[in-house]
Amino acid sequence: NFHIDVLYGMTNCRAINYNLSKMDWITVKLKAGRIIPALATTTSAIAGLQTIELVKLLAKVEIEDHKNSFLNLSEPSSAPVYKLGPNLSANLWDRWEIDLSLYDDIKSLESLFNHLKMLTSLEPLDCLRGNTAVYISSLMNMPNKKKEQQYLLKQPLYDALGIRGNQKFIDLTVTLTSEEARIKNPKDITIKGVPPIRLVIPNKAEKVQMKE
């Protein structure tokens with residue numbers, strides 16, 4: 001279907017434009033043959049993810065529900081592992097899930113932070129939903145922000161995170177720190193490699209059962 005002819009012509013147009021060595025037809029064919037399997041894998045995955053975001057756009061969902069993610073299919077080795085604490089580590093592909101139907105005590109941002117602190121022995125700092133800041137500790141710890149801090153921490157979790165009735169889950173980015181991290185680098189106390197957190201939201205039937 002003349003695909004190689006098109007590639008051959010465009011490749012040499014680029015070569016002429018940038019003063020590169022031109023390639024003959026068979027060399028272009030051989031290189032294109034080797035590159036197509038790699039393109040098919042990554043490009044199809046990206047096209048699928050873009051389609052999902054386009055459907056969200058057509059459905060006019062909230063901006064927080066759109067997702068910008070990192071995708072790398074070229075890593076030949078295992079995912080990097082980060083040591084978060086003495087007995088806690090996570091790799092690049094990890095995600096922590098918290099099923100809210102199993103924890104009746106998680107009713108506010110403060111109780112969510114306390115739950116994470118209990119599980120990880122680390123101190124939560126900031127909380128973001130997508131690109132939207134929910135809680136920023138450096139701002140909320142200012143002397144003139146005490147009332148706002150208490151309001152945000154004790155506000156019902158569903159209101160603080162903007163959770164709507166039809167949502168099945170919500171993804172959060174929560175930064176963590178520790179005493180060791182504060183001593184090691186006072187200018188940047190956040191621990192690197194903390195996985196994203198997914199809150200699994202109970203459906204209406206589960207909510208009724210929980211109340212009963």
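## The nonpolar patch

In this predicted model, helix α2, which spans residues 25-58, gives the nonpolar patch its largest share, three residues. The patch covers about 380 Å² and is built from Y8, W25, I26 and L30.

Which helix holds W25? W25 sits in helix α2. With a relative accessibility of 36%, W25 is partly exposed, because partly exposed residues lie between the 20% limit for buried and the 50% limit for exposed.

## The protein as a whole

Stepping back, you will find eight helices and seven strands in the protein. Of its 212 residues, 27% are buried. The exposed surface comes to about 15100 Å², with 58% of it supplied by carbon and sulfur atoms.

Among contacts with a separation of 6 or more, 60% are between residues 24 or more positions apart.

## Salt bridges

Side chains of opposite charge can pair when their charged atoms come close. How many salt bridges does the structure hold? There are seven.

One of them joins K154 and E110, whose closest N and O atoms are 2.9 Å apart. K154 belongs to helix α5 (residues 146-154) and E110 to helix α3 (residues 109-120), so this pair ties together parts that are 44 residues apart in sequence. K154 is exposed at 51% relative accessible area, while E110 is partly exposed at 27%.

Another salt bridge links E97 with R95 at 2.8 Å, N to O. E97 is partly exposed at 48%, and R95 is partly exposed at 41%. E148 and K145 also pair, with their closest N and O atoms 3.2 Å apart; E148 is partly exposed at 36% and K145 is partly exposed at 25%.

Terms used. Residues are numbered from 1 along each chain as its sequence is written. This is a predicted model: local features need pLDDT of at least 70, side-chain atom pairs count only at pLDDT 80 or more; totals for chains, interfaces and linings use all residues. Side-chain values use heavy atoms; hydrogens and water are left out. Helices (H or I, at least four residues) and strands (E, at least two) are DSSP runs, numbered from the N terminus. Buried means under 20% relative accessible area, exposed over 50%, partly exposed in between (1.4 Å probe, protein chains only). Contact means heavy atoms within 4.5 Å. Accessible areas come from the Shrake-Rupley method with a 1.4 Å probe; for residues, only the protein chains shown count as cover. Patches are made of residues with over 30% relative accessible area and no salt bridge: like charges are joined within 9 Å, nonpolar side chains (Val, Leu, Ile, Met, Phe, Trp, Tyr) within 5 Å. A salt bridge is a side-chain nitrogen of Lys or Arg within 4 Å of a carboxyl oxygen of Asp or Glu.
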